[in-house]
Amino acid sequence: MEKRVIMKEQKIIEIVKKGIPFDGMGDIRIVDVQVEYRKNISLDDNFNPDMVITLDFTGTMIKLSGEVKTQVTPKVLELMSPWFARIKSVAQQETFVLICPYLSPRSQQYCLKKNINFVDLCGNILIQIPGKLLIQRLNRPNIYKENQIYRNPFGGASSRVIRVLLQVPGKSWTVTEIEKELEIESKRQKRKDLFKLSISSISKTIRALQEDLLIQRRNLKIVVTDPKQLLFIWAKKYKERYKWTRRSAWTSNNPFGFDIESSIREFNLRFKDLDTLVTASAATNFIAPFVNVDRIDMFILNKERGNILRILKDEKDIGPSFLFMCPYDVGVFMYSRKIKNFIIASNIQMYLDCYARDGRDAKQADYLLTNIIEKQWKNK
């Protein structure tokens, strides 16, 4: 979830007047800005723009009728979409443009899909005049002070909600059912309330997902309409976090065995009291082998106890190396299961870790998604 900018309308207008959104676009300059504050009118009346901007684009004058919004999300765009269409139909001679502090990449893609022109203060621009003009600059970062309005559903404990939704994406959930599922999963693994979240936390996460149009609410039911899209977006966010996880991770020699199975088996015999979880390509090798594995990735629940593993660096190395990581949240252990007496990560967690590693592991992620995850989704 992108952080949202809270900025007063007058401040937005002042920044536009200075031409800041068009910085770096030498062929464009602002000639004039007229401000007209909106009246309380219905959609049946003529459109009364918040501001009219006149641009000089390489000698061609362009007038933009702007609607200023202090904050915009994909959900806001979806709700306003019929209004945008109405304005276009009654003001065909005008070029309508949405003006706001910042549009996230998902919001920009929504505007592209719906042919909504926009200018944000960070320099993201889409101005289309069919058959005459196209000005487009996308994916510029947010440069203004941000305030977190909605919870980040992909970060920390919030991601446990997504794990529930993607485990059985065809199911309709209520918030209380998600809360109960987290309790059930904790008990299934005999971990007391390790994965538990409050109703309030779950509700805030659901609200954030809804704002980005990643779920739908049908009465009280929560539905994932496109689980693959949700997983892809999560994977990209997870990849950013994975870089930070790797900073505190460490690799060790493998004195246990020449292959994955013997290595993990002997490791578990020696470190019986450690709470570990095999993930990434090493884990995927048990259910959907696709690439040769030269490293065994493991999560360690207790970092302090895991420090004992550092002694392995001084031992003889005979097999694939180990990579030990501390999870950003205990949710990475959710839906783990035992295969050949080894505890391996859920299919979703394996996908995230393979995707984050790039290279051939990313190909392993694609293979896992196509041959295991999507088929399980269809069956469920």
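Among contacts in the protein chain between residues at least 6 apart in sequence, 67% join residues at least 24 apart. Keep that in mind as we walk through this structure, which is a predicted model. The chain has 380 residues, and 53% of them count as buried. Its C-alpha trace spans about 75 × 45 × 35 Å along the principal axes. As for the parts list, there are 12 helices and 15 strands.

Helix α4 covers residues 159–167, and eight of its nine residues are buried, so α4 is largely enclosed by the rest of the structure. If you want to find those buried residues, look for Ser159, Arg160, Val161, Ile162, Arg163, Val164, Leu165 and Leu166. What do they pack against? The buried residues of α4 pack against helices α5, α6, α7, α11 and α12, along with strand β9 (221–223).

Two packed helices are described by the angle between their axes and the distance between the axes. For α4 and helix α6 (residues 199–211), the angle is about 70 degrees and the axes are 9 Å apart. Angles from 65 to 115 degrees count as roughly perpendicular, so that is how α4 lies relative to α6. The crossing of this pair is right-handed. On the α4 side, the contact is made by Val161, Ile162 and Leu165, and on the α6 side by Ile202, Thr205, Ile206 and Leu209. Sort these contact residues by type and you get six nonpolar, one polar and no charged.

Now move over to helix α7, which runs over residues 227–247. The crossing here is right-handed. Which residues meet? From α7 come Leu231, Phe232, Trp234, Ala235, Lys236, Tyr238, Lys239 and Tyr242, while α11 brings Ile348, Gln349, Tyr351, Leu352, Asp353, Tyr355, Ala356 and Arg357. This contact divides into 11 nonpolar residues, one polar and four charged.

The next stop is helix α12 (residues 359–379), which packs with α7 at an angle of about 130 degrees, their axes 11 Å apart. The crossing of α7 and α12 is right-handed. Pro227, Lys228, Leu231 and Phe232 of α7 touch Leu369, Glu374 and Trp377 of α12. Five of these contact residues are nonpolar, none is polar and two are charged.

Asp50 is in the loop between strands β1 (28–35) and β2 (51–57). Is Asp50 buried or exposed? At 2% relative accessibility, Asp50 counts as buried. A polar atom of its side chain lies 2.7 Å from the backbone nitrogen of Val68.

Next comes Ile129, in strand β6 (residues 125–129). Its relative accessible area is 19%, and because the cut-off for buried is under 20%, Ile129 counts as buried. Setting aside neighbours within four places in sequence, Ile129 is in contact with Ile62 and Thr95. Take Thr95: although Thr95 and Ile129 are 34 residues apart in sequence, their C-alpha atoms are 7.3 Å apart in space.

Finally, head for Lys190, in the loop between α5 (175–188) and α6. Lys190 counts as exposed, because its relative accessibility is 78%. How far apart are the C-alpha atoms of Lys190 and Gln109? They are separated by 43 Å, and the two residues are 81 residues apart along the chain.

Conventions
Residues numbered from 1 in each chain as written. Predicted model: local features only at pLDDT ≥ 70, side-chain atom pairs only at ≥ 80, totals over all residues. Heavy atoms only, no water. Axes fitted to C-alpha atoms, helices over the stretch in contact; angles between N-to-C directions. Helix = DSSP H or I, 4+ residues; strand = E, 2+ residues; numbered from the N terminus. Parallel < 35°, antiparallel > 145°, perpendicular 65-115°, else oblique. Left-handed = near helix turned anticlockwise from the far one by under 90°. Contact = heavy atoms within 4.5 Å. Nonpolar A, V, L, I, M, F, W, Y, C, P; charged D, E, K, R; others polar. Buried < 20%, exposed > 50% of the residue type's maximum accessible area, 1.4 Å probe, protein only. Polar contact = N/O pair within 3.5 Å; in protein donor to acceptor, adjacent residues only side chain to side chain.
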